[in-house]
Amino acid sequence: MRTVLDLLRLLADRADGAAPAEELARVAAELSGSAPEAGALALRVRAAMDAGRRRESELAALVGIARDLASESDTGSVLDTIVRAARTLLGTDVAYLTLYDAGRGDTYMRVTSGSVSRRFQTLRLPLGAGLGGLVAASRTPHWTGHYAGDDRYRHTDEIDRAVREEGIVAICGTPLLVDDEFVGVLFAANRSARPFGADDAALLGSLAALAAVSLVQARRLTDTATALEALRGAHAAIAEAADAHDRFAGVVLEGGDVDDIAEALGKLLGCWVTVLDPDGAPTARYGPVPAGLDTAAVLRRAGDTSGRPVAVPCAGGAWVTPVIAGGQRLGTLLLGGLAEQSGRPPPPERVLSPGQVRIVERAAMVTALVLLLTQRADESDRIDRADAMAELLAAVEPLPATLDRLAALGVSPRRPHVLLVCRTAPARRRALAREAAGLGGRSGLVGEQDGAVVVLLPGEDPAAAGARLARPASEQDPDAAVTVGAAGPLRPADGAGPALAEARRSAEALLALDRAGESAAAAELGFAGLLLGERPDVAGYVSGILGPVAEHDERRGSDLLRTLEAYYAAGASPTRAAGALHVHVNTVAQRLDRIGRLLGEGWQEPERSLELQLALRLHRLGRS
């Protein structure tokens, strides 16, 4: 009876944690001799009490671990805490954690505690290989007291070498699941034989569950931080773009043009900038643009975008974006050299920051606005100049209001000008008019009349002016021919009607002579212009050839025209001409000398003589 009472007292003390386990085992052994069943029950009670106490200790440890994990926001720190806790709670030599690599379809070593082998710390486990591979494939816990000799697992040379190098004998592993998604395996291992059991797997599973919850929390915190950072970046980009927009707007309000916008953009981003027209020709630039830039490739890349900058192959990196207004492509914005400006070597695929993207988009938008306004102003000016040209050509003698209008447009009515009539394919007239307007600037006029482009340019050499616009056709472009008839010089204040008729006849004569794509003035064509033109001007032709001589006769009352006619009728013989005129031969010689001074050198050359004789014949016919 005394022994039973001692046993009950020791059980009570054991429940309070006061009695040592050895004392309780000794009394139970003494009782086993007289009452074997009572001794066995006592030992069972002791084991249950010890297990409960151990579970309480483990739960307390898990609560502490959960408290520690709650303060961790970094995924790496969470995993380190879990692995260290697994090694401590299970009392093992080593603990480690592998993560699943979806891209490669295996798991890799992420965190270790107690490991000494570099090979083991860098190990990768294919799904289904080794104990960890089986846990990963089955999503269930597994354990073994002697891994090297356990045939339940598919051994590989790589895994076995790493396990031997680490000295591991017994292993327990459990899957790590986050929202039912497999992410890795948590392990505890010993360097000596150890009979891991279900309780060890359950404890390790509890740690894995805590790890899963903490990973979810860490991921959410990371996602939140990432979102906040992105929001801050977006806000900074918007603010940066707004400041840039204000700067671009200030440039426009101060009367700046596309060159000024390119300069402002280049200074903001520290890069070179060039603006191309729809045909790829540069219209504005800032900074040293790389030589040999393939503008055709640039235009193709710009055509593939919806307004956002796109990288193009170029030394130092370059980006291109179209300049669009109202659905119309007005040009292309090209920039680059940011990496060179910052002193860093350009990466192979550099990406503009969100703020830089917005700045480039704002620059393209403001550039489109300036180009659109310029285009409309140019169109209004073109219409005004075309109207002024039509008014000048229609007037026999320009009215003062017409002359005032010309002066307001920048055309000097009393300065010498040349007039060109340009014939080309209808589809090419608008482009030809733009080209001609570029030649004259604000000092010239361009318009269309009777299917031809009519151009008034300052100058005194009609042949040289016509040669600047004339061009032949080609096999690739048979409609590219521009045929130019030239006339002048003339003063707009005196009217342009006669010059228009002369230039038109010259252009028509060139086409009739199958000389499309060339340029010529009436003086170059001679009587061919009179014969082949659709509207022959006999009086104008005669005046152009004999005008100085006829004016001298009218002013002085001389008889030079009749002397010239008699000279040619006598076969260019002064003696026979003198006989026909009934004057002395010296008189004829003196008159021929005066005629030579009026007509200029070379008047007796065969070509000039032919023109003079034809003019004399027409003059006589007209007079009769």
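A: In this predicted model, Gly256 sits in the loop that runs between helix H8 (198-253) and H9. Is Gly256 buried or exposed? With a relative accessible area of 17%, Gly256 falls under the 20% cut-off and therefore counts as buried.

Two or more lining residues come from each of helix H9 (258-269), strand E7 (272-276), strand E11 (328-336), helix H12 (354-394), helix H14 (429-440), strand E13 (445-449) and strand E14 (452-458). Of the lining, H12 supplies the largest share, with 10 residues. By residue class, the lining of the largest pocket comprises 15 nonpolar, 14 charged and 9 polar residues.

Another part to consider is helix H7, which spans residues 157-166 and has Ile159, Asp160, Ala162, Val163 and Glu166 as buried residues. Viewed down the axis of H7, these buried residues lie within an arc of 165°, so they line one face of the helix. Asp157 and Arg164, on the other side of H7, are exposed. The cover over the buried residues of H7 includes strand E1 (94-101), helix H5 (118-121), strand E3 (124-126) and helix H6 (130-138). Directly after H7 comes Gly167, which adopts a positive phi of about 80°.

The cysteines complete the picture. Cys172 has 0% relative accessibility and so counts as buried. Cys422 is likewise buried, because its relative accessibility is 1%. A disulfide is a covalent bond between the sulfur atoms of two cysteines. How many disulfides does a search of the whole structure find? The search finds 0.

How values were computed
Residues are numbered from 1 along each chain as its sequence is written. This is a predicted model: local features need pLDDT of at least 70, side-chain atom pairs count only at pLDDT 80 or more; totals for chains, interfaces and linings use all residues. Side-chain values use heavy atoms; hydrogens and water are left out. Buried means under 20% relative accessible area, exposed over 50%, partly exposed in between (1.4 Å probe, protein chains only). Helices (H or I, at least four residues) and strands (E, at least two) are DSSP runs, numbered from the N terminus. The arc is that of the directions from the helix axis to the C-beta atoms. Contact means heavy atoms within 4.5 Å. A disulfide is a pair of cysteine sulfur atoms within 2.5 Å. Ala, Val, Leu, Ile, Met, Phe, Trp, Tyr, Cys and Pro count as nonpolar, Asp, Glu, Lys and Arg as charged, and the others, Gly among them, as polar.
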